[in-house]
Amino acid sequence: MVFSSTTFLFVFLPMVLLGHTLLRTTTGRNVFLLITSLLFYAWGEGPFVLVMLAAIFINHFAAIQIARAPDAHTRKRSLIYTIVCSLGMLVVFKYANFIVDNLNIVLQTLSIKPLYLMPVHLPIGISFFIFQSVSYVLDVYRGDTEVQRKISRTALYVALFPQLIAGPIVRYTDVAAQMQDRTIRRDAFAAGVQRFIIGLAKKILLADPLGYVADQLFGAPAGALGADAAWLGVVCYAFQIYFDFSAYSDMAIGLGRMLGFQFLENFNYPYIAASVREFWRRWHISLSTWFRDYLYIPLGGSRITARRTYFNLLIVFFLCGLWHGASWNFAAWGLLHGLFLALERAGLDRWIQRLPVVLRHAYTLFVVLIGWVLFRAEDGAHAWQYLQAMAGWNAAPTYYATFYFDPETLLTLLAATVFCTPLYPVLERRLSGQGVWVEALRLLFLLGLFAFSVSTLVNSTYNPFIYFRF
Amino acid sequence: MNRFIHTAFLFTFCGMLAYGGWLYWRVFAESGFSKQIKWVGHAPSGITNAYELEFTRILSAQRHPLITGLAGLKWNALDVSFIRKVEKGREGWLFLKEEVAGRNELLQSLGIRPYLDFERKMWKLIIAQRAAWTNAQGMQYVMVVVPNKTSIYPEYLPARDRVAGPGNLTQLLPDLSGIQVINLTDSLLNQKHTGQLFHKNDTHWNELGAFVAYQSLMRALPPPFRETPMPLDSVVLEWTTTPGGDLARLLLMDSLLLERAARVTLRNPQAHCETGCDSSYGPFMPSKHFRNPRARLSKVFFDHDSFFRSLIPYVAEHFQESVFYWEWQGFNDYEIGQAQPGLVVDEFVERSLIGDRPRNNPPVLQHYWQQQFDALPQLARLSCKSLRQAFRQIELIGVEAGALPVVALELTPTSASRLIVEYDDKEVFYPLEAGKKNTVYLEWERPRVKDLRVERDVEMGVAVRVGTY
């Protein structure tokens with residue numbers, strides 16, 4: 001089930017909010033949330049909810065085992081088994097076909113009979129809940145958190161529906177106390193509703209329409225794209241991925257607040273970054289900090305030789321790329337970012353700092369946009385052709401950007417440009433002390449935005465057959 | 001005061017959720033959707049996803065403000081239609097844009113989206129197979145292309161939509177040498193001075209456009225089916241005000257967007273309809289059978305789409321017997337075989353030549369590959385213990401990009417059976433005779449082929465040859 005669906009908005013959400021509000025104890029609320037979260041997941045994934053339950057069981061009991069272990073050697077061994085099991089599940093469900101496909105290429109060059117593997121279903125959100133459960137075990141191993149002995153709480157931590165399928169990747173330490181005891185205050189609830197509305201609007205009014213343009217242009221034969229059309233496609237995709245992903249985080253954070261949880265921020269206006277390093281401090285913060293804390297720092301962080309640090313950055317970002325999907329495109333995207341992070345660390349950053357601020361932003365956006373081409377393209381050949389189109393190397397292009405410039409798309413592009421900067425929160429802060437009528441107008445605007453988003457959502461499934469007669 | 005405002009905000013938000021919930025369940029109860037519930041996929045979301053589509057369909061049928069409000073807002077404030085299927089043109093003209101994913105009439109007519117080599121090759125193959133099968137039955141085959149409205153009236157498109165290239169037909173038609181093709185585009189473009197040939201807010205030509213198309217068609221048919229068409233003064237031409245057509249209906253504005261439309265009536269019709277004479281139309285219109293004993297020409301079979309609906313009365317005048325079979329992109333070899341006409345007219349509207357391709361029926365496909373398979377470059381030869389093994393082995397064969405694997409399966413069942421091939425979500429059946437070697441040819445378009453089995457799951461060995469087209 002996705003948040004931007006009528007079933008979620010009109011059935012699941014009211015049911016959860018009503019039930020959660022009527023229950024008075026934290027334990028009762030936790031049990032209720034666990035049941036509804038499992039229902040939420042099973043509604044979309046059916047029997048694959050068992051995969052998530054398996055991850056919960058493995059990591060819950062492993063954490064207890066680690067906490068109980070008499071010596072460091074046993075603790076370490078338990079940790080390794082747990083990580084192998086958890087990541088093994090990820091490999092089976094997410095990477096098995098990718099591995100076999102690549103293995104077959106090697107086998108065929110060696111004239112060995114290739115292997116056949118049926119397409120394996122990818123349970124939605126598996127990357128998130130596996131990383132979340134692994135982080136819990138690692139925190140217990142490192143003594144950063146107390147072990148949780150109630151499996152219902154570990155299960156709730158992993159399965160809590162707002163952050164289950166698209167993050168943010170919540171750390172156990174951040175919500176442990178809230179699972180123990182939480183109160184729901186009216187102002188926090190109202191703030192959660194406001195955040196949810198903003199997320200829903202970002203998804204439906206900005207990400208989806210611009211995603212349509214991006215889909216059209218990335219779905220077109222790359223050899224027929226004019227440079228303007230190719231750039232429009234990647235810009236629309238950049239907006240789509242940002243507004244889609246950050247909208248989901250907004251909705252998760254908003255829902256969390258309505259339920260009494262406080263999740264950390266996941267995005268901080270990444271497109272205003274003036275370097276790739278800054279971009280990663282602002283983009284998908286919960287993932288980048290996960291990789292920093294559980295991979296980059298254990299590999300040595302920045303306490304080792306410069307060369308080794310650069311190499312580690314490439315390794316970390318290579319894996320970060322593959323985390324996004326089982327394809328070489330994602331690996332290439334990760335490597336591109338890793339490369340620029342290494343270059344900036346090696347001295348490029350100092351040189352960039354001397355440039356005018358506009359050029360620093362231009363440099364960052366250029367690297368990020370090139371990265372999005374790798375991320376969005378079907379395969380390497382498509383990415384290369386697309387980049388050629390962006391460079392204006394197509395001899396007789398037929399696709400041109402203005403074809404997509406209807407008033408609605410232009411307005412959406414303008415709104416997307418404005419809302420990917422911190423203009424709205426600045427405006428909101430300025431207006432906050434201007435009296436009750438301004439506040440009333442702001443809330444009225446949000447309610448209108450909600451109605452408009454819902455109307456657009458319902459319309460988005462309006463897909464009549466041309467011969468259909470009402 | 002601030003506290004009151006926040007409380008009011010929360011109550012309104014909850015009220016909106018409650019209203020949405022009430023609407024959701026009310027439509028569910030009234031629509032009878034509960035009786036249609038089918039388990040789709042592996043999870044309950046299959047049911048709610050289907051219901052969400054039904055929910056919107058019913059709200060739009062009821063002209064609910066949730067739908068019409070947004071439609072009106074976009075129409076008036078942004079000068080755009082609220083759905084991507086329709087492009088709002090100039091001077092009240094509407095155009096079909098993206099009918100379904102992958103079939104964008106606008107991109108096609110403006111020459112923006114060229115065929116990929118593989119697509120062009122596949123269309124050529126589909127038409128060639130139909131022509132070869134028809135000719136083998138002793139009939140003539142003619143392909144007729146009806147232009148998109150956008151190809152005839154691009155001047156009414158918004159200024160941002162400009163012609164970028166020659167278009168798909170210019171790419172495809174030279175490939176069809178040896179096949180009789182009648183492209184009606186030029187004749188319609190040349191006759192625009194006679195009056196408005198297409199509806200403003202419908203995808204189709206009006207009756208005047210249909211008459212002009214009929215005249216061009218009769219002049220272009222191959223001998224002995226070519227005949228001088230009736231002149232325009234042999235019909236009564238009137239202009240009437242009609243409610244909006246299919247495009248206006250898509251926008252839920254058919255009662256608002258009226259237009260003047262041509263009405264053409266034959267002064268002295270000779271042909272009479274024998275079967276399927278109900279004048280109602282839709283995607284499931286029955287085949288129509290006309291007779292005109294005074295006509296000179298013998299029997300004709302039209303495999304057509306909605307465009308030929310208004311052409312039928314004129315064309316039927318010329319043939320002693322004419323059968324009109326409505327099937328989008330289709331080619332009904334069975335009906336043609338039953339009718340035994342001298343001429344088969346296979347009509348396509350221009351936009352039907354992009355996007356999803358039809359797959360010819362097994363007899364048409366088998367006939368073609370029986371003749372052509374051995375001439376293909378051979379890729380592999382396998383001997384498999386079962387069809388399941390054959391399926392896996394074929395899937396693993398590396399095929400270069402842009403090539404279509406064609407598979408010849410040789411099966412020798414002990415009892416009469418059928419080979420079942422699952423293409424996408426449809427099953428196609430190939431009869432197998434008992435005790436003899438049956439060769440079945442399959443176009444193995446990945447990933448459309450999902451499964452391969454024999455009825456009643458009889459296991460048997462199978463020899464496989466794979467060629468590439």
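1. Strands here are DSSP runs of E with at least two residues, helices are H or I runs of at least four, and both are numbered from the N terminus. Two strands pair if DSSP finds at least two bridges between them.

2. Housekeeping: this is a predicted model, so local features need pLDDT of at least 70 and side-chain atom pairs count only at pLDDT 80 or more, while totals for chains, interfaces and linings use all residues. Residues are numbered from 1 along each chain as its sequence is written, and chains are lettered from A in the order in which they are written.

3. Have a look at the open sheet in chain B: 7 strands in the order S6-S5-S13-S11-S12-S10-S9, with mixed pairing. S6 (180–183) and S9 (272–275) of chain B sit at the edges with a single partner strand each, so one side of each has no neighbour in the sheet. On average, neighbouring strands are turned by 25° against each other, direction ignored (axes are lines fitted to C-alpha atoms, and for helices over the stretch in contact; angles run from 0 to 180 degrees between N-to-C directions).

4. Inside that sheet, S11 (297–304) and S13 (343–349) of chain B run parallel and are joined by 4 bridges. B:Asp303 stands opposite B:Asp346 in S13(B).

5. Helix H6 (117–136) of chain B lies across S5 (140–146) and S13 of chain B, at about 145° to S5(B).

6. Now the interface: 55 residues of chain A are in contact with 56 of chain B (contact puts C-beta atoms, placed from the backbone, within 7 Å). On the chain B side, H1(B) gives the largest share, 13 residues.

How values were computed: Two residues are in contact if their C-beta atoms, placed from the backbone, lie within 7 Å.
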